[in-house]
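Please keep the sequence and the structure in view while reading.

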Amino acid sequence: MRAFNKYYFFLVFTTFIWGINFHVTQVALQYTSAMLTGTYRYTLGALLLVFIMYFRKPTSKDIKAAFSKWKSIVFVGVVGAFVYNILFLEGMKYTSAFNGVLIIGLTPLNTALISIPMLGQRLNLRQVIAMMFGFLGILFVLSKGDINVITNLSFSKGDIYILCANLSFSFGNVYIKKYLGGFAPLWLTTLVTVVACVCFIGFSVFFEDFIFPTETEYLAALFFMGALSTALCGAFWFISIKEIGAETSALFMNLVPVFGASASFILGEEIVTPQLFGGLLVITGLLINSVKIRSKKPVLEH
């Protein structure tokens with residue numbers, strides 16, 4: 001019973017960190033560009049994950065699988081991690097953490113839609129109802145209840161970036177389920193993170209002037225994003241999946257928007273009533289859908 005409780009703690013801690021990460025990201029973006037922020041985050045995260053794998057030693061089967069599937073691993077690293085994080089970081093420069101965390105909270109529903117053509121899955125009534133809740137919720141969050149915003153399609157640039165990031169993230173998860181299902185979760189996460197790290201460094205070398213702020217606030221935010229959100233929580237998430245199962249672990253993903261939205265209140269971010277109602281609809285949709293949308297394959301980290 002003691003070990004069982006430990007893994008539940010791992011899951012709660014992980015979703016808490018991923019929810020808070022939206023607010024921490026906005027702090028980091030005050031000091032460096034989206035590209036440099038992602039570069040420093042993924043460099044730290046990749047180094048720590050490689051360090052973890054040094055002690056957990058991938059098996060010869062894992063290594064052979066990595067060589068045979070290297071194209072798919074690179075694809076997921078680019079689309080599901082690098083592109084996702086660029087869009088996410090750019091979006092967080094122009095929207096609120098509250099909006100961001102709720103839009104990303106639609107990941108299970110978007111993943112289900114993408115799974116229809118890619119995996120040949122069919123939606124049942126429960127999933128359709130859940131998606132209706134999610135769609136209505138996202139309209140309330142983005143428009144703040146203003147019908148003119150909806151009719152004129154005048155959503156903020158940041159909201160559109162976050163939505164595109166969400167689609168990239170969801171597509172990456174479905175791709176993993178279809179083409180990389182046999183990989184050990186922590187091993188695959190390490191490889192994908194390393195690929196994303198290389199992409200960030202490569203683009204930064206050509207398009208960015210390297211600066212590294214030494215302010216305590218920035219260093220703390222960087223440590224939070226790289227060490228906690230990427231490396232530690234990635235390890236906790238996949239260890240928990242192995243020990244208590246993917247289906248039980250997947251239920252905890254619904255806590256990400258809850259923790260993120262709660263942090264918005266605590267930090268004093270202005271939230272209007274229609275956004276609260278929209279958030280409630282999104283979370284309700286996730287809860288309705290969570291029984292059926294249970295991934296048995298790895299999910300990329302926030």
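Is Gly-158 buried or exposed? Gly-158 is buried, with a relative accessible area of 0%; here buried means under 20% relative accessible area, exposed over 50%, and partly exposed in between, for a 1.4 Å probe and protein chains only. This glycine belongs to helix α9, residues 157-179, where helices (H or I, at least four residues) and strands (E, at least two) are DSSP runs numbered from the N terminus. Not counting residues up to four places away in sequence, Gly-158 touches Gly-91, Tyr-94 and Thr-95, a contact being heavy atoms within 4.5 Å. Gly-100 lies 58 residues from Gly-158 along the chain, and their C-alpha atoms are separated by 8.6 Å.

The model is predicted: local features need pLDDT of at least 70 and side-chain atom pairs count only at pLDDT 80 or more, whereas totals for chains, interfaces and linings use all residues. Residues are numbered from 1 along each chain as its sequence is written, and side-chain values use heavy atoms, with hydrogens and water left out.

The protein as a whole has 14 helices and 0 strands. Of its 302 residues, 52% are buried. Among contacts between residues at least 6 apart in sequence, 90% join residues at least 24 apart.

The interior may be considered next. In soluble globular proteins, nonpolar side chains tend to be buried together. The largest nonpolar core in this model has 52 residues, and Phe-22, Phe-88 and Met-92 have the most contacts inside it. Such a core is a set of buried Ala, Val, Leu, Ile, Met, Phe, Trp, Tyr and Cys residues joined through side-chain atoms within 4.5 Å. Helix α11, residues 216-244, gives the most to this core, with 11 residues. Phe-88 itself touches Phe-22, Thr-25, Ile-162 and Ala-165, leaving aside residues up to four places away in sequence. A second, separate core of 30 residues includes Ile-86, Leu-186, Ala-231 and Ala-235.

How do two of the helices pack? The axes of helix α2 (residues 34-56) and helix α10 (residues 185-207) come within 8 Å and cross at roughly 145 degrees. These axes are lines fitted to C-alpha atoms, for helices over the stretch in contact, and the angles run from 0 to 180 degrees between N-to-C directions. Within helix α10 is Thr-189, which is buried at a relative accessible area of 10%. Thr-189 touches Leu-49 and Phe-238, not counting residues up to four places away in sequence.

The loop between α1 (2-28) and α2 holds Tyr-31. At 25% relative accessibility, Tyr-31 counts as partly exposed. Beyond its neighbours within four places in sequence, Tyr-31 is in contact with Ile-211, Pro-213, Glu-215, Glu-217 and Tyr-218. Pro-213 is 182 residues from Tyr-31 in sequence, yet the two are 6.8 Å apart in space, C-alpha to C-alpha.

Finally, the cysteines. A search of the whole structure finds 0 disulfides, a disulfide being a pair of cysteine sulfur atoms within 2.5 Å. Cys-197 is in no disulfide, and the nearest cysteine sulfur, that of Cys-199, is 9.2 Å away. Cys-197 is buried, with a relative accessible area of 8%, and Cys-199 also counts as buried, at 16% relative accessibility.
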